[in-house]
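Let's take a walk along a protein chain and stop at a few spots in its backbone.

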Amino acid sequence: MTYNQVIAEIKTLLQSHPMINSVKYGNPLDWMYQDDQPDFPLAVYAIGTGSLNVGREITFNITLYFFDKSGREQEFETEVLNDQISILNDIISKLRQRKTKYLIADSVSWSAIQEKHEDYLSGVTTTFELSVVSDFGACDFPQ
């Protein structure tokens, strides 16, 4: 899988979840104060780093963010966190079930996040490694 294929795969998966209303690519702070109000609950994804390993293995470090409004005084924070953790669990489970050429880490940690954006936002973030074996080797180098 290529970088673009990984991005497309993650986007398609996030868009397919019935509890996610909007999907964006990049860092949440890049759009949070610039765009119109997104439709919440919101998923944001980014690939910031990776590695090229022996045996044509390529790893992508994928960061996911899941946000929803938690009220003007954060009165719904625990409910929002509960829902966003459930969404994250669904997405990770789907990634592990896919019959594709990639693997993800056995252990995926998450962190709770809060942000002020008109109302308060609460949610979770995680970064995990997705590993693929490249279809191309040294013999495929362009002439």
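This is a predicted model: local features need pLDDT of at least 70, side-chain atom pairs count only at pLDDT 80 or more; totals for chains, interfaces and linings use all residues.

Residues are numbered from 1 along each chain as its sequence is written, and side-chain values use heavy atoms, leaving out hydrogens and water.

Most peptide bonds are trans, and most residues other than glycine have a negative phi. Now look at the bond from Phe40 to Pro41: it's cis, with omega near -5°. Pro41 sits in the loop between α2 (28-32) and β2 (42-52); helices here are DSSP runs of H or I with at least four residues, strands are runs of E with at least two, and both are numbered from the N terminus.

Next up is Arg56, in the loop between β2 and β3 (57-71). Arg56 isn't a glycine, yet its phi is positive, about 65°. Gln74, in the loop between β3 and α3 (77-97), also isn't a glycine and has a positive phi, near 60°. Arg56 has 42% relative accessibility, so it counts as partly exposed (that is, between buried, under 20% relative accessible area, and exposed, over 50%, using a 1.4 Å probe and protein chains only). Gln74, at 22%, counts as partly exposed too.

Finally, find the crossing of α1 and α3, which is right-handed (the near helix is turned clockwise from the far one by less than a right angle). Ile10, Leu13 and Leu14 of α1 touch Ile91, Lys94 and Leu95 of α3, where contact means heavy atoms within 4.5 Å.
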